[in-house]
Structure formats: structure tokens, C-alpha cells
Amino acid sequence: MLLFTLQKAGSPEDAIAAAQAGARYIAGGTTLIDLMREEVERPERLVDINALPLKDIRVEGEDLVFGALARMSEIAAHPDVLRLQPLVAESLIEGASPQLRNMASIGGNLLQRVRCPYFRMHDAACNKRQPGSGCTALDGLNGGHAILGTSEQCVATHPSDVAVAFVALDATMRVRGPDGERSFPVEELFRLPGDTPHLEHTLLPGELILEVRVPGGAHARQARYLKVRDRASYEFALVSAAAALEIEDGVIRTVRIACGGVGTKPWRMRACEQALIGRPPDRANLEAAAKLALEGTRPLAHNHYKIELLPRTIARALEMAGELA
Amino acid sequence: MAVTPAVGTISAAAQDSSTMTDTLRISVNGTPHELTPDPRQSLLDVLRETLDLTGTKKGCNQGACGACTVLVDGKRVVSCLTLAAMHDGAEITTIEGLAKGGELHPLQTAFIEHDGLQCGFCTPGQIMSGVACIAEGHAGSPEEIRFWMSGNICRCGAYPGIVAAITDAAERA
């Protein structure tokens with residue numbers, strides 16, 4: 001590991017000042033330390049933000065608010081989360097391992113780096129690691145890579161599960177930077193790779209995530225996360241789907257769908273949602289709507305299977321959500 | 001008690017005082033320590049190299065295998081993916097801290113009784129993770145144990161014995 005300095009922030013102001021002077025934030029460290037050891041990440045300064053008062057998990061009306069430093073395991077086990085946002089809890093439990101969930105913060109989860117093997121392989125070209133060097137995955141082993149939102153420069157999927165749940169549920173996040181605070185949808189945190197895959201999120205220099213707010217409602221209480229993967233647990237998604245449903249008088253009144261494992265960012269499936277409003281949640285309707293997720297997909301040499309798997313995963317996740325009624 | 005950090009990892013950093021962190025006070029298996037780790041030292045490296053507690057194993061060193069699992073303030077973590085300097089005030093429990101007065105922890109006994117190991121390299125991590133798995137209330141069935149122990153890899157494939165040992169110890173707990 002290359003040399004770096006480590007300082008501890010006592011307040012958000014301290015942390016932001018350190019970041020303005022070039023420090024990187026560190027909370028759980030599960031992504032950053034791993035990549036620093038590989039010298040993929042090379043920060044010269046770290047600022048430990050774990051002492052900041054950003055650990056609360058609270059209910060406001062039916063909304064849940066997670067401090068950025070709340071750990072994955074704490075949110076997943078919280079009684080109000082299980083009651084009001086079962087999808088959030090399920091997506092968290094389906095991610096990582098028990099040890100990593102005890103360590104990783106919810107803010108850091110959203111900012112985790114991609115798991116494309118070439119990203120951490122110094123003898124392979126990677127535009128994320130070294131802009132302009134090329135993308136080995138494009139013609140390499142790309143079975144796990146994205147079919148939506150890709151570019152000639154990058155085809156890596158965003159690895160987070162809970163980010164998929166947040167995008168489905170219209171979660172917002174509040175951040176503070178040198179020029180004050182702002183809030184925006186979690187969906188807008190993520191950038192498409194385009195010609196600049198090394199730029200992954202829309203945070204401004206020095207901005208610190210304060211909290212994530214997930215709006216509640218009937219659909220949020222009837223929501224499931226289905227993660228399809230090569231192992232039953234502790235594996236990244238090949239395809240995943242977050243589905244939230246509100247059914248009234250036998251027809252779908254509210255529906256939210258987002259998918260993981262297929263996009264270069266968590267992918268909201270708005271065309272599928274539109275097609276389901278006012279329809280009975282029967283298998284034929286769910287399957288027909290799920291097929292709309294394929295619009296704009298661009299499979300690579302080894303991930304054609306995702307074209308079949310994606311609509312099936314969406315339809316099954318919707319069925320699972322419907323079974324909660 | 002002052003302990004000198006591992007030679008080699010500290011030498012370069014020592015030339016630049018700004019890379020030194022404050023004193024780190026941690027309790028390991030009930031014994032307090034005052035250390036001045038190199039910022040780059042993981043908790044795992046401090047346990048093994050500075051404190052000579054080599055029961056905790058370094059497997060993948062990238063958070064994937066679970067061999068380095070220890071309890072920090074009662075919660076299981078992979079000690080390879082966390083900087084020691086970020087744990088001031090923490091209470092750490094390692095495999096060396098489980099036996100009491102020469103008497104093995106019930107889960108250690110269960111691992112022996114159920115052949116929960118072959119080569120033994122992953123075993124300290126399996127047992128620390130298993131202790132937490134039982135304490136969390138995630139050891140109610142073999143299926144539940146397999147899911148909640150998935151962060152601990154056993155390349156010998158001793159999983160049936162591991163699951164049986166945790167099941168047994170959970171029933172006796």
C-alpha cells in the first residue's frame with residue numbers, strides 16, 4: 001500500500017475542509033482499503049468520518065431516513081425498516097457478507113467502485129482506472145457485464161443492491177459541501193460512463209453524503225428484491241429486480257421497478273411501470289410489461305443470457321411482491 | 001504497554017512525522033494495548049505482527065474469504081479490510097480470547113466433535129463468525145446458518161461439519 005496520511009474529522013465542517021484540501025473520505029473502508037492495497041486507488045490523504053453524528057436511523061411519517069454512516073447490517077435489522085421498507089432490508093441482506101455488512105456504511109455503499117475484474121488488473125487496459133487506455137472487458141470476459149447504459153469506453157455494472165432498491169423507491173439524498181447543502185434523487189447520483197467512465201457520480205468536490213431518505217407508502221410495504229446469481233449468497237447479481245406494488249380493487253395502482261446487474265448504473269424500468277398501471281397483476285400482464293425492459297439493451301459476446309433473464313427476473317419479482325398482499 | 005510497530009511497514013512512514021497517527025488504545029481479549037501503528041496497517045496486521053496473535057489468519061487479504069474474522073465491539077468484521085488506526089477505544093475479540101481458563105468455548109468443542117475442519121486454516125475465522133452468527137440469532141436452521149456463514153470460505157469443503165457444529169452449539173447456548 002502506498003503512503004498516505006490519516007486524520008480524523010470531529011464535525012462535518014472538519015471533514016469537508018479536509019476534503020477541500022485533497023483528502024478522501026473513509027467510513028467502512030471495505031472498497032477503498034481493498035483498492036488502495038491493489039494501488040488502483042491512490043489517495044495521499046484520508047479523513048476518517050466515523051465520529052460524525054450521521055449514524056441515525058429514523059422514521060418521519062412513513063419516510064425512513066438513514067444517516068450516511070449507518071451500517072448495512074443496522075439498517076437491515078431495524079424494526080421500522082422491516083415494517084415500512086422490507087425491500088430495503090432485503091436488498092441489504094442479499095448483498096455482501098455478514099462481516100462486510102457490519103462494516104460498510106450506507107453512504108459508502110452508494111459510492112462503491114465497480115467489480116469488473118479488469119478494473120483492478122494493472123496489466124489490462126481500463127478507462128476507469130486509466131482514462132484513455134481502453135476497455136478490456138469490451139472484447140474480454142464480459143459475462144457479468146452490463147447490457148444497458150454501456151459505451152465503447154466502459155461496460156461495467158454498478159454493483160450495489162441497495163442502490164437498486166433506493167432508485168426503485170424514489171429515494172433522495174442530502175449532501176453538504178463547501179457551498180452548503182442540497183438534496184437530489186439517488187438516481188441522479190450515478191453517471192453513465194459515456195466518454196468519461198472514470199467519473200462515476202455527480203457529487204461536487206468536497207461534498208459529503210449526510211443522509212438518504214426513502215419515501216414510504218403502501219407500495220413500499222409490498223415490495224421485494226430478487227437477486228439472481230451464481231451462488232445462493234455472497235455473490236454479485238447477474239440480474240436483480242426490485243419491485244414494489246400497490247394493488248387496489250384487483251388492479252395495479254402503483255408500481256416501481258428497478259434492476260441491478262444489467263446497467264452501468266441502477267436501472268429504473270419506467271416503461272414496464274407505465275404498462276402495468278391499471279392492469280390486473282396476472283402472469284400474462286407481468287410478462288408482457290417485463291419485456292419492455294429490453295428496449296435499448298446491447299448485449300456483449302458473453303452476456304446474451306441477460307436478455308432472457310432480465311424480463312423473467314422482473315416478472316418473478318413482481319409476482320413475489322404481489323404475494324405479500 | 002507500549003509495543004513497537006512491525007519493522008518494515010513503519011520505516012518509510014517514520015521519516016515523515018505527518019504520516020504518524022495518534023496513539024491507538026485498543027483492548028484485545030480483555031488486555032489493554034497502547035500502540036502507534038503505521039496508518040497502512042490493517043487491524044489484522046496489528047493483531048498478527050505487532051501483538052503476535054497469529055490465530056487470526058490472513059487468507060485473501062481482500063475481504064472475500066473470512067479467515068481474518070474477529071469481533072470488534074461484539075460485531076464480526078474482516079480485520080484485513082479495516083485500518084487499525086481507525087479503531088481507537090475498540091474492544092477486539094480474537095480466537096485466542098474464546099477459551100476461558102483452559103476450557104474451550106462451546107463452539108470450539110463443537111467444531112472438534114463434528115469434524116468442522118480439515119486443514120484448519122479457515123477455522124479461527126469460521127469459529128469467530130460462528131460465535132457471532134449464534135449471538136445474532138441467525139443459527140436457527142442449517143439453511144439459515146449456511147446463508148449467514150457465507151462470508152467464510154472453506155477450501156477443504158468442511159461445510160457439513162461446520163454447519164453441524166454451529167447448529168449444536170446454538171442449541172446448547
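This is a predicted model: local features need pLDDT of at least 70, side-chain atom pairs count only at pLDDT 80 or more; totals for chains, interfaces and linings use all residues.
In chain A, four strands make up an open sheet in the order S9-S10-S11-S12, and their pairing is antiparallel. The edge positions belong to S9, residues 223-228, and S12, residues 267-268; each has a single partner strand, so one side of each is left without a neighbour in the sheet. Between S10 (residues 239-248) and S11 (residues 251-260) of chain A there are 9 bridges, in the antiparallel sense. Within this pair, Glu246(A) is found opposite Thr254(A) of S11(A).

Helices of chain A also meet this sheet. Helix H5, residues 86-93, packs on the sheet and touches S9 and S10 of chain A, with its direction at about 20° to that of S9(A). Helix H12, residues 305-322, lies across S9, S10 and S11 of chain A and runs at about 35° to S10(A).

The loop between S9 and S10 of chain A holds Arg229(A). Is Arg229(A) buried or exposed? Arg229(A) has a relative accessible area of 11%; because the limit for a buried residue is under 20%, Arg229(A) counts as buried. Its side chain reaches the backbone oxygen of Glu235(A) at 3.3 Å. Setting aside neighbours within four places in sequence, the contacts of Arg229(A) include Glu94(A), Tyr234(A), Phe236(A) and, from chain B, Phe147(B).

In soluble globular proteins, nonpolar side chains tend to be buried together. In this model, the largest nonpolar core has 67 residues, and those that touch the most other members are Phe66(A), Ile75(A), Val88(A), Leu110(A), Phe166(A), Met173(A) and Val186(A). Helix H8 of chain A, residues 162-168, gives the largest share of this core, 7 residues. Val186(A) touches Leu110(A), Phe166(A) and Met173(A), and also Val167(A), Ala171(A), Thr172(A) and Val212(A), when residues up to four places away in sequence are not counted.

Glu207(A) is placed in another loop of chain A, between strand S7 (180-185) and strand S8 (208-214). With a relative accessible area of 8%, Glu207(A) is buried. Which side chain does the side chain of Glu207(A) join in a polar contact of 2.7 Å? The partner is Arg182(A). Besides Arg182(A), Glu207(A) touches Tyr25(A), Val175(A), Arg176(A), Gly177(A) and Thr202(A), again not counting residues up to four places away in sequence.

Gly29(A) is buried, at 10% relative accessibility. Leaving aside neighbours within four places in sequence, Gly29(A) is in contact with Asp34(A) and, in chain B, with Leu81(B). From Gly29(A) to Gln112(A), 83 residues apart in sequence, the distance in space is 9.7 Å, C-alpha to C-alpha.

In chain B, strand S2 (residues 24-28) and strand S3 (residues 31-35) run antiparallel and are joined by 5 bridges. Ile26(B) is opposite His33(B) of S3(B). With 2 residues between them, S2(B) and S3(B) form a hairpin, and Asn29(B) in the turn has a positive phi of about 55°.

Methods:
Residues are numbered from 1 along each chain as its sequence is written. Chains are lettered from A and ligands numbered from 1 in the order in which they are written. Side-chain values use heavy atoms; hydrogens and water are left out. Two strands pair if DSSP finds at least two bridges between them. Contact means heavy atoms within 4.5 Å. Axes are lines fitted to C-alpha atoms, for helices over the stretch in contact, and angles run from 0 to 180 degrees between N-to-C directions. A nonpolar core is a set of buried Ala, Val, Leu, Ile, Met, Phe, Trp, Tyr and Cys residues joined through side-chain atoms within 4.5 Å. Buried means under 20% relative accessible area, exposed over 50%, partly exposed in between (1.4 Å probe, protein chains only). A polar contact is a pair of N or O atoms within 3.5 Å; within protein, one must be able to donate a hydrogen and the other to accept it, and residues adjacent in sequence count only if both atoms are side-chain atoms.
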